[in-house]
Amino acid sequence: MEMISKSMQALLSQNSVIRAMFEEGERLRGEYGSDKVYDFSLGNPNVPAPAEVEQAIREVLAEEPSVSVHGYMNNAGFADLRTAIADSLQERFGLAYRADQLIMTTGAAAALNILLKTVLNPGDEVLTFAPYFSEYKNYVQNYGGVLRLVATDPETFLPDLDALRKAIGEKTRALILNTPNNPSGVVYSEEVLRGIQGVLAEKEREFGSCILVISDEPYRELVYDGAMVPWIPALMPHAAVVYSYSKTLSLPGERIGWLLLPDSIPEARELYAAAVIANRISGFVNAPSLIQRVLKRTLGCRADFSVYEHNRALLLRELPKMGYRLVKPEGAFYLLIQAPEGDDAAFAATLKEERILTVPCKSFACPGYVRLAYCVAETTVRNALPGFRRTAESYKA
Ligand code: PLP
């Protein structure tokens, strides 16, 4: 008897590679002490949530009735919170939104899943630009879809519009955009987005279809050197937005985000109603309630991103001096380093000998690079630099 489904058996065997990496980190920490292990492998924010969030948790518990704080609600989330978010989006981006276009979700991961569940039929294709957040593949497969990767410029990781044009076919149902990008840190300018929109409109005319743009934006506020992240629905009429407070408020474990379905998407009202049902029947029922009440009091707050700014500046200054080639990230907290001899797994293994843990980017469809998540203490970056230097020297020898 086989207890585990074939699809989960496949995931189980892939997962053991990730688990092996995690266990290796644990082993090194046990052997050398955690301050001697420089772990850049996980995108888990290391800055605390803003003090306002903890204060708001106390206030909600003290001031609001327990049954409403902890009770079931509309499957889309608390209406007053959705209205407040709609108003803040209108204030920031100049387009009018309503509570009944927003669904509070269990993080961006759930928002992506319920939207894909709502729109995909088996065999439908979803496009995304490589390198990409590798969970997209699993999320698309959850609903019988097929994720197809579209190339980017190998120097800049910006979208290759010809490749996009060629990738779109009759089965193309959606395009997931992720800017600022995990793992490249690249931010798409308005010009880049207008270029993508031009190709989508051309192909929609050709196939008589609607290609849903899914803008996955958990890093929207995490940008450097004054970089601007354009509001995608202002440029793309068929765009839905997926957002998360995991990084903005350093709350990844609280599992809170939202899905926005603007009226410019065809059948927007039915789509919204169906997505609310998808949220309910996917097992989420509704997004966690306490943190929704807290959000209502802390909209507009942000975690202190200065550690990320310092780490990024330090890495961008020091690593090129050692001879490493980097793709300068304008956002998020990831940095891609090109493997000196092109083999990302070998480079990651050499760095591991220096107790520097990174992720080889083959899994992000970006072979030849390793990803550093620099959401770590500044001392971790400083103390890792000698190991980076020795590794660079070893490749020159
Ligand atoms: N999308 C991207 C690009 C991410 O990097 C992540 C998490 O790291 C997610 C979605 C999922 O975020 P959440 O914690 O909000 O589910």
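The legends below describe close-up views of a predicted model.

Residues are numbered from 1 along each chain, as its sequence is written. Because the model is predicted, local features need pLDDT of at least 70 and side-chain atom pairs count only at pLDDT 80 or more, whereas totals for chains, interfaces and linings use all residues.

**View 1. The open sheet of 7 strands.** Its strands follow the order β2-β8-β7-β6-β5-β3-β4, and the pairing is mixed. β2 and β4 (146–150) stand at the edges with a single partner strand each, so one side of each has no neighbour in the sheet. Neighbouring strands of this sheet are turned against each other by 20° on average, direction ignored. Strands here are DSSP runs of E with at least two residues, helices are runs of H or I with at least four, and both are numbered from the N terminus. Two strands pair if DSSP finds at least two bridges between them. Axes are lines fitted to C-alpha atoms, for helices over the stretch in contact, and angles between N-to-C directions run from 0 to 180 degrees.

**View 2. Strand β5 and its two partners.** 6 of the 6 residues of β5 (residues 172–177) are buried, so this strand is largely enclosed by the rest of the structure. A residue is buried if 20 or more other C-beta atoms lie within 10 Å of its own, exposed if 12 or fewer, and partly exposed in between, with C-beta atoms placed from the backbone. Strand β3 (residues 125–129) runs parallel to β5 and is joined to it by 4 bridges; T128 stands opposite I176 of β5. Strand β6 (residues 212–216) is also parallel to β5, again with 4 bridges, and A174 stands opposite L212 in β6. β5, helix α8 (residues 190–207) and β6 make a right-handed β-α-β unit. Right-handed means that, with the strands pointing away from the viewer, the path from the first strand over the helix to the second runs clockwise.

View 3. P237 is found in the loop between β6 and β7 (239–244). The residue is partly exposed, with 16 other C-beta atoms within 10 Å. P237 and A201 are 36 residues apart in sequence, and their C-alpha atoms are 9.8 Å apart in space.

**View 4. Helix α10 and its crossing with α2.** In α10 (residues 289–298) the buried residues are I291, Q292, R293, V294, L295 and T298. Their cover includes α2 (51–63), α3 (66–70), α4 (79–93) and β2 (102–105). The axes of α2 and α10 come within 9 Å and cross at roughly 120°. α2 is therefore oblique to α10. Angles under 35 degrees count as roughly parallel, over 145 as roughly antiparallel, 65 to 115 as roughly perpendicular and the rest as oblique. E52, V53, A56, I57, E59 and V60 of α2 make the contact with L290, R293, V294, R297 and T298 of α10. Residues are in contact if their C-beta atoms, placed from the backbone, lie within 7 Å. The crossing of α2 and α10 is right-handed. A crossing is right-handed if the near helix is turned clockwise from the far one by less than a right angle, and left-handed if anticlockwise. Just after α10, G300 takes a positive phi of about 95°.

**View 5. Packing of α11 on α13.** Helix α11 (residues 306–321) and helix α13 (residues 378–396) pack at an angle of about 15°, with their axes 10 Å apart. The two helices are therefore roughly parallel to each other, and their crossing is right-handed. V307, H310, N311, L314, L315, E318 and L319 in α11 meet E378, V381, L385 and F388 in α13.

**View 6. The open sheet of 4 strands.** The order is β9-β10-β13-β12, with antiparallel pairing. β9 and β12 (359–360) are the edge strands, each pairing on one side only. 4 of the 5 residues of β10 (residues 334–338) are buried, so this strand is largely enclosed by the rest of the structure. Strand β9 (residues 326–327) is joined to β10 by 2 bridges; L326 stands opposite I337, and V327 stands opposite L336. The hairpin of β9 and β10 has 6 residues between the strands, and within this hairpin A332 takes a positive phi near 60°. β10 pairs with β13 (residues 369–373) over 5 bridges in the antiparallel sense, and Q338 stands opposite Y369 in β13. Helix α12 (residues 344–353) lies across β12 and β13, running at about 45° to β13.

Terms used
Contact = placed C-beta atoms within 7 Å.
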